[in-house]
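Look at the sequence and the model together.

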Amino acid sequence: MTSALSDEVASAWFACFSEHLQRGDVASTTSLFLPNGWLRDFLAFDWDLRTLHGHEKISSYLSEHLPNSNFLGFELASDQYFKPSPGPMPGTVTAGFSFSTPIANGQGYFNLSSTTEIEDIAGWKASTVFITIDSLKNHEERGAAGDIYGGRCPTWGEARDIEWRKAEEEPEVLIIGAGQNGLQVAARLQQMKISSLVVDKNDRVGDTWRRRYPTLALHTPKTHHSLLYQPFPSNWPFWTPRDKLAEWLEQYVVSQDLLVWTKSRVMPAPTYDRNSKRWTVTVNKAGQTCTLHPKHVVVATGMLGEPYIPKIEDQEIFEGQIMHSEGFSGGADFTGKRVVVVGTGNSGADIALDLSTHKARSVTMIQRSTTVVQPASTIAEQHLQVYPPDVPVEVSDFRAFATPTFRLFEILAETRGLIWDQEKDLIEGLRKAGMNVDMGPYGAGILPLVYLRFGGFWLDVGCGDKIIHGEIKVKSGVEITKFTKQSVVLSDGSAIEADVVIFATGYRQMAQMLKNLLSDEIIDETYALPNGLDEEGEYEVGYRPTGHPGLWYAPGSFNNSRLQSKYLGIQFQALDIGYMKL
């Protein structure tokens with residue numbers, strides 16, 4: 001498809017779309033979508049993050065919210081990243097657009113598909129439309145700082161200290177957790193002129209990563225997991241190592257001027273005053289008790305609870321070593337040992353590979369149920385299509401979120417055959433070696449499990465080859481039923497002699513952790529936990545109202561907090577101004 005035809009198609013469709021929205025014409029707007037099309041709305045129609053699929057749901061949603069909308073100033077994008085262009089699939093066209101309302105500036109993106117002949121301009125319909133509020137008028141992000149300190153008096157350092165003292169006394173937002181999500185939310189809020197304080201129980205920022213097994217490296221390319229406002233240097237490793245990421249997070253706090261208290265814990269239990277609309281939160285700051293009264297509390301402690309080790313009969317008589325994968329110190333400590341690794345997810349595979357590489361006497365993996373396995377190289381190629389190194393990350397984020405989550409699952413399933421040649425030797429080889437490998441939900445591979453379970457998969461970086469060649473053994477469809485002094489007994493009656501048993505069995509649900517942190521009463525008032533998708537494919541309580549006023553969650557991966565922190569901050573502003581009610 002030529003660029004000229006793409007521009008003609010996008011312009012014609014967009015002219016109808018903008019006209020119908022401004023007229024408040026629900027039926028005509030809905031007709032511009034494919035019957036199974038998708039509308040993803042982040043704050044434009046409603047103060048929420050929503051995805052609607054199919055004419056019936058789109059029409060119902062527009063009928064409820066379009067009469068109260070006042071869209072103005074629609075413009076089709078003309079810049080190099082969002083101008084009308086041939087889409088990623090044959091017979092598709094994509095384009096970005098901007099708009100405004102009396103109170104906000106908006107941005108959107110659409111993907112069109114031809115329903116007739118490509119040259120028939122009237123035959124193009126939207127498969128997806130993403131429409132968002134990008135900022136509230138007069139409350140836009142402040143951008144890079146100029147000489148904002150009044151003739152450089154006070155100095156930059158003095159001005160920062162003044163801001164920090166105010167934030168320490170009465171922050172607008174208290175963020176619990178100084179991992180990548182908490183820090184990116186803090187960085188975003190700072191640019192939106194919303195004061196925040198981050199508290200973290202660890203001694204140093206990044207310690208959550210430093211405690212993981214030493215060979216850990218992120219399994220997505222660096223363009224996918226760079227940090228807000230601060231991309232990695234050009235010579236940064238393609239796969240970011242554990243310790244390097246930990247150091248980068250620590251440095252991010254400094255370079256972004258973030259106020260972080262380490263060695264600090266929120267003490268049970270915070271209370272919320274519905275009249276003043278502020279919390280009372282007691283924080284143990286390195287042994288010193290402080291009381292804060294923020295408007296909002298953002299929990300950014302990740303999506304997992306405490307490490308999980310199942311209780312197994314006669315565990316106490318085992319003469320060897322038992323540990324969780326979180327405590328694994330590296331394969332070099334287990335040279336010559338007989339090791340059983342329980343679990344075949346990412347952690348189990350990486351640990352088994354490390355053990356074998358460091359000449360453990362034997363390594364046996366215990367697989368209770370099916371596992372989805374794909375080569376890391378395949379996943380990297382998929383990510384690089386969405387996050388290419390020559391495109392700004394903020395552009396890639398917006399274009400990526402323009403595809404609703406469940407639509408993404410469909411695309412992955414539809415295109416799985418295109419990468420099968422790259423995967424079949426690994427998958428078929430593992431099956432021949434006795435592993436139970438499946439193709440993932442919808443046949444779409446690993447990614448749906450990242451959203452739906454946050455487990456049950458591994459991205460292979462070499463463990464699979466060692467299994468295929470017999471250097472690592474696998475026992476599938478079984479679990480440990482009891483220990484003896486020097487072995488584990490499996491549910492099929494067989495036994496494996498062991499010096500070390502490592503449970504790569506994941507983590508508990510975070511419900512109890514949250515109740516310990518905030519109280520049963522507060523958590524029971526929320527809609528859900530922040531680790532699952534709703535029926536529309538959005539995080540049920542991530543970056544959106546939770547059911548309890550003033551309580552918010554920042555779950556997900558780097559890209560979630562990198563982009564969705566914007567919509568969280570806009571909701572804080574809207575509540576403060578009075579545009580939004582809870």
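## Helix α15 and the residue after it

Just after α15, S519 takes a positive phi of about 110°. Helices here are DSSP runs of H or I with at least four residues, strands are runs of E with at least two, and both are numbered from the N terminus. This is a predicted model: local features need pLDDT of at least 70, side-chain atom pairs count only at pLDDT 80 or more, and totals for chains, interfaces and linings use all residues. Residues are numbered from 1 along each chain as its sequence is written, and side-chain values use heavy atoms, with hydrogens and water left out.

Helix α15 covers residues 511-518. Its buried residues are M513, L514, L517 and L518. Buried means under 20% relative accessible area, exposed over 50%, and partly exposed in between (1.4 Å probe, protein chains only). Seen down the axis of α15, these buried residues fall within an arc of 110°, so they line one face of the helix. The arc is taken from the directions from the helix axis to the C-beta atoms. The buried residues pack against β8, β11, β15, α16 and β27. Contact means heavy atoms within 4.5 Å.

## P270 in its loop

P270 sits in the loop between β11 and β12. At 6% relative accessibility, P270 counts as buried. Leaving out residues up to four places away in sequence, P270 touches W279, T280, V281, L517, L518 and I522. The C-alpha atoms of P270 and T282 are separated by 6.9 Å, though the two are twelve residues apart along the chain.

## α5 against α17

How do α5 and α17 cross, left-handed or right-handed? The crossing is right-handed. (Left-handed means the near helix is turned anticlockwise from the far one by less than a right angle; right-handed means clockwise.) The axes of α5 (180-191) and α17 (558-577) come within 8 Å and cross at roughly 45°. Axes are lines fitted to C-alpha atoms, for helices over the stretch in contact, and angles run from 0 to 180 degrees between N-to-C directions. The two helices α5 and α17 are therefore oblique to each other. Angles under 35 degrees count as roughly parallel, over 145 as roughly antiparallel, 65 to 115 as roughly perpendicular, and the rest as oblique.

## α5 against α7

The axes of α5 and α7 (242-255) come within 11 Å and cross at roughly 15°. They are therefore roughly parallel. Here the crossing is left-handed. Q180, L183, Q184 and A187 of α5 meet L249, Y252 and V253 of α7.
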